[in-house]
Amino acid sequence: MYSKYNTKTNHHKRKEIKAMKNLHNLFNECMEEVKAAGIEPGNIVDISINYRATKRWGQCEKKYGVYRINVNHRILEDDTDVKAVKDTIIHEILHTCPNCWNHGKEWQRLANIMNRKYGYEISRTGSCEDFGIDREEYAEQHAKYRIVCTSCGNVYRKQRACNVTKHPE
């Protein structure tokens, strides 16, 4: 059962503050829908916003028998699709159910129940397009290194230093 609400922020990491959907309200709506479908989630003690994640939309962690869920801040911005956000939150809630830690048969069965009952599209992975996020803009925002080929003009974005970023010659 959900026992506490905590929103963590790293304001120093944020470049600009945008209007955001209320994670607490969305989480409670998702929990009600999951339970109404006859699915009993695990003990979730924290739901938070992750301002650092760049390659995942959500994450479920299990520690000491309780679960913590965090979602990427970008999917909570006002210009994203609410249904896709709820897909992600429910995806992570389903990981708290027995035998659902991975994306195995039981997790898939429960995801299919939610998809049929509420018209969701819960799957193993999601893309920028699912949320109405421009992929190029998102990649540009999260790239620490931008490499342009002098021969063909192709642009390569890197998040971590590599031989090419260290020695571009």
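# Aromatic pairs, core and a buried lysine

A search of the whole structure, which is a predicted model, finds 2 aromatic pairs, where rings of Phe, Tyr and Trp (its six-membered ring) pair if their centres lie within 6.5 Å, and planes under 30 degrees apart count as stacked, over 60 as edge-to-face and the rest as tilted. Residues are numbered from 1 along each chain as its sequence is written, and side-chain values use heavy atoms, with hydrogens and water left out. In this predicted model, local features need pLDDT of at least 70 and side-chain atom pairs count only at pLDDT 80 or more, while totals for chains, interfaces and linings use all residues.

**Aromatic pairs**
- The ring centres of Y67 and W101 lie 6.1 Å apart with their planes at 40°, so this pair is tilted.
- This pair links distant parts of the chain, 34 residues apart, with Y67 in strand β3 and W101 in the loop between α2 and α3 (helices, H or I of at least four residues, and strands, E of at least two, are DSSP runs numbered from the N terminus).
- Y67 is buried at a relative accessible area of 9%, whereas W101 is partly exposed at 46% (buried means under 20% relative accessible area, exposed over 50%, and partly exposed in between, with a 1.4 Å probe and protein chains only).
- Y118 and Y120 form a tilted aromatic pair, 6.0 Å centre to centre and with 45° between the planes; Y118 is partly exposed at 29% relative accessibility, and Y120 is buried at 8%.

**Nonpolar core**
- The largest nonpolar core has 32 residues, and I89 and I93 have the most contacts inside it (such a core is a set of buried Ala, Val, Leu, Ile, Met, Phe, Trp, Tyr and Cys residues joined through side-chain atoms within 4.5 Å).
- The largest share of this core, 6 residues, comes from α1.
- Leaving aside neighbours within four places in sequence, I89 is in contact (heavy atoms within 4.5 Å) with L23, L26, F27, C30 and V71.

**K86**
- K86 lies in helix α2 (residues 82-94) and counts as buried, at 9% relative accessibility.
- The side chains of K86 and E33 are joined by a polar contact of 3.0 Å (a pair of N or O atoms within 3.5 Å; within protein, one must be able to donate a hydrogen and the other to accept it, and residues adjacent in sequence count only if both atoms are side-chain atoms).
- Not counting residues up to four places away in sequence, K86 touches L26, E29, C30, E33 and Y120.

**Confidence**
- The protein chain has a mean pLDDT of 79, with 72% of its residues at 70 or more (pLDDT is the predictor's confidence in each residue, from 0 to 100).
- Over residues 1-17 the pLDDT is below 50, although this stretch has 30 contacts in the model beyond near neighbours in sequence.
- Where pLDDT is low, the predicted coordinates should not be read in detail.
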